[in-house]
Amino acid sequence: WQGGVWNNVFVGMLGSPPSRCSTPKNKKGPPTVKVEDTPLASEKPFLAIEGDRYKLKVPALHRNSKGPNSGRLEKSIDFDQVFVASPASLDPAQ
């Protein structure tokens, strides 16, 4: 990060450096802002196989968290309830 001309922002990250200001005179490194907790975050849904069935796994929203969100699922949706788009399904002529 030496010689950088950007600001660093760390939100809800474990092990992040402390906040600091930097000016051309004090040269403490790039300005850094540390926000202790992530106010609101949503992880991406993902596919999983349970037995012989595909499921869409939808993680729960998490608030005021720190570090990765692991294992907190809100929904498990059977794949026959999921619309899978294809070029033909998006054709307005059909």
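Is asparagine 64 buried or exposed? Asparagine 64 counts as exposed, because its relative accessibility is 57% (buried means under 20% relative accessible area, exposed over 50%, and partly exposed in between, with a 1.4 Å probe and protein chains only). Keep that scale in mind as you go through the views below. This is a predicted model, in which local features need pLDDT of at least 70 and side-chain atom pairs count only at pLDDT 80 or more, while totals for chains, interfaces and linings use all residues. Residues are numbered from 1 along each chain as its sequence is written, and side-chain values use heavy atoms, with hydrogens and water left out.

**View 1. The whole chain has seven strands and zero helices.** Strands (E, at least two residues) and helices (H or I, at least four) are DSSP runs, numbered from the N terminus. Along the sequence, the pattern reads β-β-β-β-β-β-β. Of the 94 residues in the protein chain, 18% are buried. The accessible surface comes to about 7,400 Å², and carbon and sulfur atoms account for 57% of that surface; accessible areas come from the Shrake-Rupley method with a 1.4 Å probe, and for residues only the protein chains shown count as cover. Now look at contacts (heavy atoms within 4.5 Å): among those between residues at least 6 apart in sequence, 34% join residues at least 24 apart.

**View 2. Asparagine 64 has a positive phi.** You will find asparagine 64 in strand β6, residues 62–65. Its phi is near 45°, a positive value in a residue other than glycine.

**View 3. Four valines make a nonpolar surface patch.** Val9, Val11, Val33 and Val35 form this patch of about 290 Å². Patches are made of residues with over 30% relative accessible area and no salt bridge, where like charges are joined within 9 Å and nonpolar side chains (Val, Leu, Ile, Met, Phe, Trp, Tyr) within 5 Å. A salt bridge here is a side-chain nitrogen of Lys or Arg within 4 Å of a carboxyl oxygen of Asp or Glu. Strands β1 (8–11) and β2 (32–35) each supply at least two of the patch residues. Valine 33 belongs to strand β2 and is partly exposed, at 42% relative accessibility.

**View 4. Valine 35 meets valine 11 across the sequence.** Valine 35 sits in strand β2 and is partly exposed, with a relative accessible area of 33%. Valine 35 and valine 11 are 24 residues apart in sequence, yet their C-alpha atoms are 4.7 Å apart in space. Leaving aside neighbours within four places in sequence, valine 35 is in contact with Phe10, Val11 and Gly12.

**View 5. Serine 16 is buried in a loop.** This serine 16 lies between β1 and β2, and its relative accessible area is 8%. The side chain of serine 16 reaches the backbone oxygen of methionine 13 at 3.3 Å. Not counting residues up to four places away in sequence, serine 16 touches Phe10 and Lys34.

**View 6. The structure holds one aromatic pair.** Tyrosine 54 and phenylalanine 79 form this tilted pair, 6.1 Å centre to centre with 50° between the planes. Rings of Phe, Tyr and Trp (its six-membered ring) pair if their centres lie within 6.5 Å; planes under 30 degrees apart count as stacked, over 60 as edge-to-face and the rest as tilted. The pair links distant parts of the chain, 25 residues apart: tyrosine 54 is in strand β5 (residues 53–59), and phenylalanine 79 is in the segment after β7 (73–78). Tyrosine 54 is partly exposed at 47% relative accessibility, and phenylalanine 79 is partly exposed at 26%.

Methods: Polar contact = N/O pair within 3.5 Å; in protein donor to acceptor, adjacent residues only side chain to side chain.
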